[in-house]
Amino acid sequence: MKTCLVVDDSRVIRKVACKILADLSFETMEAENGAEALMACRRKMPDVILLDGQLPQMSGIDFLKSLRSETKGNHPVVLICTTENDPTDLSEAIIAGADEYILKPFDRELIAAKLAEVGLV
Amino acid sequence: MTHCPDYSYLANVLLRRAGIVLAEKKTHMIETRLMPVVRRFGFRDIPSLLKELHYGHEALVQAVIEAMTTNDSAFFRDRKTFDEFRDIVLPALKEARSDTKQLKIWCTACAAGQEPYSIAMLLDDAKLADEGWSITLVATDINSQMIARAQEGVYSQFEVQRGLPIRRLVSNFTQEGANWRISDHLRRMVTFRTFNLLDSYGWLPDCDVVFCRNVLMYFDLKTRASVLERIGDILMPDGALLVGPAESMDSYILGYVLADSAPGLFYKSRPAPARRLSLVK
């Protein structure tokens, strides 16, 4: 079973995302900030990370830079989440190592489509 | 509603003017789609609008037709079609047109432009212009508002995330607040025009490729046959017709031959054996 780490400071969004990912046969883990997410990755590297681009304190981009400096190659796949009103700088996200992006609020169809695009479903 | 004479008249106008069959099971769409027209023209309600339709006021008829057309689209929608275009159609045409270095492509129902811009991105990837190729990419739609949107090339975050990989988004669009604007380079590659598929095709060039996806299904059998025949008239003998994957098994694609192992890809006639080997991966 593939694993997904959901990183978001909103408990509701983490819950919704985990439910969708479980339906898509993913084992899920949660982190509410970048520091927690880094620790989770060090304990067990997931196959994919659903990453909020607008995390407080350590931003999503900063987390991504730290993660990529600790891991080799493109693993794990990172989908960065952005919102219409507060868009993440996607160019910066690519440079930091994001593989795809998802607009919040997301639904099952969108997450499944993006995971299919990166070859995970 | 469906037994009301004005409904029958609406169905008749849509069929006669745009070839669209208004199925009874889709009558629930009438209210949703016509209410903006009711407000725009200042009618009291939909029955008032339908009554006025009898007088043939052209702007109203056009607005009703536009409101009743389906404009749902996405970048690289049904990705397999674009893979077939890139991996099968384009290499074959590059070989076949190597003397003239000219390619003419028509998107028959382009909605807000996502399909022709997706094609433009693939043509841009192929660097044909750098090799001296002249590309004509014509995109039409019956809905003038959609054509205006396509020409502007501005899409919401929701629209760009449907099918557009992050790298294509960042390299081909610039962010304007919550929206994304397509690059001038890609916008200049496409010529947009409002066009009804029931009208004369005389202004169109002879085409090497025609995209006619998710359009024929809205027409009755007679209109489908007529549109396919007229596309056949302007399609080069070895030209390719791409329809939606779901449409490819339908028997109404008359006069065309389905390519081997490529759902949705048709040729006017089956290519010669030696050529077919190079066409089919």
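How much area do chain A and chain B bury between them, and what percentage of it is on carbon and sulfur atoms?

## Interface of chains A and B

In this predicted model, chain A and chain B bury about 1,400 Å² between them, with 60% of it on carbon and sulfur atoms. Buried area is the accessible area (1.4 Å probe) that two parts lose on being put together, summed over both. Contacts (heavy atoms within 4.5 Å) join 17 residues of chain A to 17 residues of chain B.

The count of salt bridges (a side-chain nitrogen of Lys or Arg within 4 Å of a carboxyl oxygen of Asp or Glu) between the chains is 0. The count of residue pairs in polar contact is 6, both residues being at pLDDT 80 or more; such a contact is a pair of N or O atoms within 3.5 Å, within protein one able to donate a hydrogen and the other to accept it, with residues adjacent in sequence counted only if both atoms are side-chain atoms. On the side of chain A that touches chain B, β5(A) supplies the largest share, 4 residues.

## Domains of chain B

The assignment, automatic or from a database, divides chain B into domain 1 (5–68) and domain 2 (79–279). Their C-alpha centres lie 30 Å apart. Between them the two domains bury about 810 Å², 46% of it on carbon and sulfur atoms, and the salt-bridge count is 0.

## Conventions

Residues are numbered from 1 along each chain as its sequence is written, and chains are lettered from A in the order in which they are written. Local features need pLDDT of at least 70, whereas totals for chains and interfaces use all residues.

Notes: Side-chain values use heavy atoms; hydrogens and water are left out. Helices (H or I, at least four residues) and strands (E, at least two) are DSSP runs, numbered from the N terminus.
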